[in-house]
Amino acid sequence: MPPPRPSPLLPLPPPPLPPPLSPPPPPTHSTPPPSPPGRQTLTAPLNQIIISNPARSQQNSAKRTPKSENKRSTKPIIIQHPRPRRTNLVVWCGAIFCLIFSLTLIFFGIATLIVYLVIKPRSPVFDSPNANLNSIYFDSPEYFNGDLSILANFSNPNRKIDVRFEYVSLELYFFDRLIGTQALQPFTQRPREMRLESVRVISSLVFLPQNLAVELQKQVQNNRVKYNIRGTFKVRATLGLIHYSYWLHGRCEIEMTGPPTGVLVARSCKTKR
């Protein structure tokens, strides 16, 4: 039997037409400028956040770094500590000397403070408990002569300190005018000891300005004569092996009746360093 003939091929129907495209809506935002040729830009919606891959950025930066920098960064950093220097022997000796000197000063300072607080040293006292005005007369209106006897009292108020008066000088003044002076021999005083010295001051042809001469004559007529006594003393205090010296100044203002039997009426004495 002969073979069957193939059925003839029917033509395919045409593809359906796409629906008509509606016109695109007008853009609400400004479109980005066109990218230069050869580069592709990716645009993303406004409500999306693009996060770049840090691994890729690090790889790119590593690729861009030159090989020399990579080699430098791989080399280890060596820190060399400075070697300690030996202190000079002279510096050590100076430091030890300063330390010993400072400790010595501190020791003597504390010892002096303790001694001062325990002993409580006091200065000797000068006083004039009695005086006699023997004479006052003028050879001329500006030159006069006078004779005055005073009893000087020196007392040591300390309980454990001996004092020695190495220099004693007494000066007699009428107002601020020097009319006589007298010095005494050095002497020593034990603790709580008093010493009385009779001192005679003679004024011979002493010049007085006219105003002071008139004032002295007026005081003699009024039976009230005022003199000032100034004492200057150099005192040395001794406590065992410790001794020190200082200056003292005594001031006494005395008031007496007129000569020839002038007696002490009032006095005011102070002693200070």
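Which residue does Arg 195 meet in a salt bridge? The partner is Glu 197, side chain to side chain, at 2.7 Å from N to O. A word of caution before I go on: this is a predicted model.

Stay with that pair for a moment. Glu 197 has 18%, so it counts as buried.

How many salt bridges does the structure hold? Six. I will show two others.

Next, Glu 166 and Arg 236. Their side chains meet in a salt bridge at 4.0 Å, N to O. Glu 166 belongs to strand β3 and Arg 236 to strand β7, so this pair ties together parts 70 residues apart in sequence. Glu 166 is partly exposed, at 30% relative accessibility. Arg 236 is partly exposed too, with a relative accessible area of 31%.

Then Glu 255 and Arg 224. This salt bridge joins their side chains at 3.4 Å, N to O. It links distant parts of the chain, 31 residues apart. Glu 255 sits in strand β8, residues 242-256. Arg 224 sits in the loop between α4 and β7. Arg 224 is partly exposed, with a relative accessible area of 35%.

Which residues of α4 are buried? Leu 212, Ala 213, Leu 216 and Gln 219. Look down the axis of α4: the buried residues fall within an arc of 125°, so they line one face of the helix.

What does the buried side of α4 pack against? Five strands: β1 (125-140), β2, β3, β4 and β7 (225-239). Now turn to the face away from the buried side. There we find the exposed residues Gln 210, Asn 211, Gln 221 and Asn 222. Just after the helix, Asn 223 takes a positive phi of about 65°.

Now two of those strands, β3 and β4. Strand β3 runs over residues 162-174 and strand β4 over residues 177-184. In what sense do they pair? Antiparallel, over seven bridges. They form a hairpin with two residues between them. Phe 175, in the turn, has a positive phi of about 60°.

Last stop, Ser 149. Where is it? In strand β2, residues 143-155. Ser 149 has a relative accessible area of 19%; the cut-off for buried is under 20%, so this serine counts as buried. Its side chain makes a polar contact with the side chain of Asn 134, at 3.4 Å. What else does Ser 149 touch, leaving out residues up to four places away in sequence? Besides Asn 134, the list holds Ala 131, Asn 132, Val 199 and Arg 200.

To recap. The Glu 166 and Arg 236 pair ties β3 to β7. Helix α4 sets its buried residues against β1, β2, β3, β4 and β7. And Ser 149, in β2, has its side chain in polar contact with that of Asn 134.

Conventions
Residues numbered from 1 in each chain as written. Predicted model: local features only at pLDDT ≥ 70, side-chain atom pairs only at ≥ 80, totals over all residues. Heavy atoms only, no water. Helix = DSSP H or I, 4+ residues; strand = E, 2+ residues; numbered from the N terminus. Buried < 20%, exposed > 50% of the residue type's maximum accessible area, 1.4 Å probe, protein only. Polar contact = N/O pair within 3.5 Å; in protein donor to acceptor, adjacent residues only side chain to side chain. Contact = heavy atoms within 4.5 Å. Pairing = 2+ DSSP bridges. Arc of directions from axis to C-beta.
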